[in-house]
Amino acid sequence: MTIGQCDELAKALHEDAFRLPHGSERENLLQLAEGYRLLADMKRKVPRKVT
């Protein structure tokens with residue numbers, strides 16, 4: 001996945017989570033969104049090889 005894809009997925013999951021009532025399903029989506037946000041942040045920090 002690209003950084004942009006991770007960011008887009010995190011945003012979509014976050015938006016979907018807030019459409020749900022409070023509960024475990026909402027919390028699970030928020031945790032998943034946070035995971036993709038962290039993945040995007042880690043990918044930004046990894047130096048890329050330019051050929």
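This briefing walks through the helices, salt bridges and surface of the structure above. The model is predicted, so local features need pLDDT of at least 70 and side-chain atom pairs count only at pLDDT 80 or more, while totals for chains, interfaces and linings use all residues. Residues are numbered from 1 along each chain as its sequence is written, and side-chain values use heavy atoms, with hydrogens and water left out. Helix H1 covers residues 3-17 and helix H2 covers residues 24-45; a search of the whole structure turns up five salt bridges.

**How the helices pack**

- Helices here are DSSP runs of H or I with at least four residues, strands are runs of E with at least two, and both are numbered from the N terminus.
- The axes of H1 and H2 come within 8 Å and cross at roughly 160°. That angle makes H1 roughly antiparallel to H2.
- Axes are lines fitted to C-alpha atoms, for helices over the stretch in contact, and angles run from 0 to 180 degrees between N-to-C directions. Angles under 35 degrees count as roughly parallel, over 145 as roughly antiparallel, 65 to 115 as roughly perpendicular and the rest as oblique.
- H1 passes H2 in a left-handed crossing, a label used if the near helix is turned anticlockwise from the far one by less than a right angle, with right-handed used if clockwise.
- Gly4 is partly exposed, at a relative accessible area of 34%.
- Buried means under 20% relative accessible area, exposed over 50%, and partly exposed in between (1.4 Å probe, protein chains only).

**Salt bridges**

- Side chains of opposite charge can pair when their charged atoms come close. A salt bridge is counted when a side-chain nitrogen of Lys or Arg is within 4 Å of a carboxyl oxygen of Asp or Glu.
- Arg44 and Asp7 pair through their side chains at 2.3 Å, N to O.
- Arg37 and Asp41 form another salt bridge, at 2.6 Å from N to O. They are four residues apart in helix H2, so about one helical turn separates them. Through salt bridges that share partners, Asp7, Glu34, Arg37, Asp41 and Arg44 are joined into one network.
- Arg37 is partly exposed at 35% relative accessibility, as is Asp41 at 26%.
- Arg19 pairs with Asp16, their closest N and O atoms being 2.7 Å apart. Here Arg19 is exposed, with a relative accessible area of 62%, whereas Asp16 is partly exposed at 36%.

**Surface and chain end**

- Leu38, Leu39 and Met42 make a nonpolar surface patch of about 250 Å². Patches are made of residues with over 30% relative accessible area and no salt bridge; like charges are joined within 9 Å, and nonpolar side chains (Val, Leu, Ile, Met, Phe, Trp, Tyr) within 5 Å.
- Accessible areas come from the Shrake-Rupley method with a 1.4 Å probe, and for residues only the protein chains shown count as cover.
- Leu39, found in helix H2, counts as partly exposed at 30% relative accessibility.
- Lys49 lies in the segment after H2 and is exposed, with a relative accessible area of 82%. Its C-alpha atom is 44 Å from that of His22, 27 residues away along the chain.
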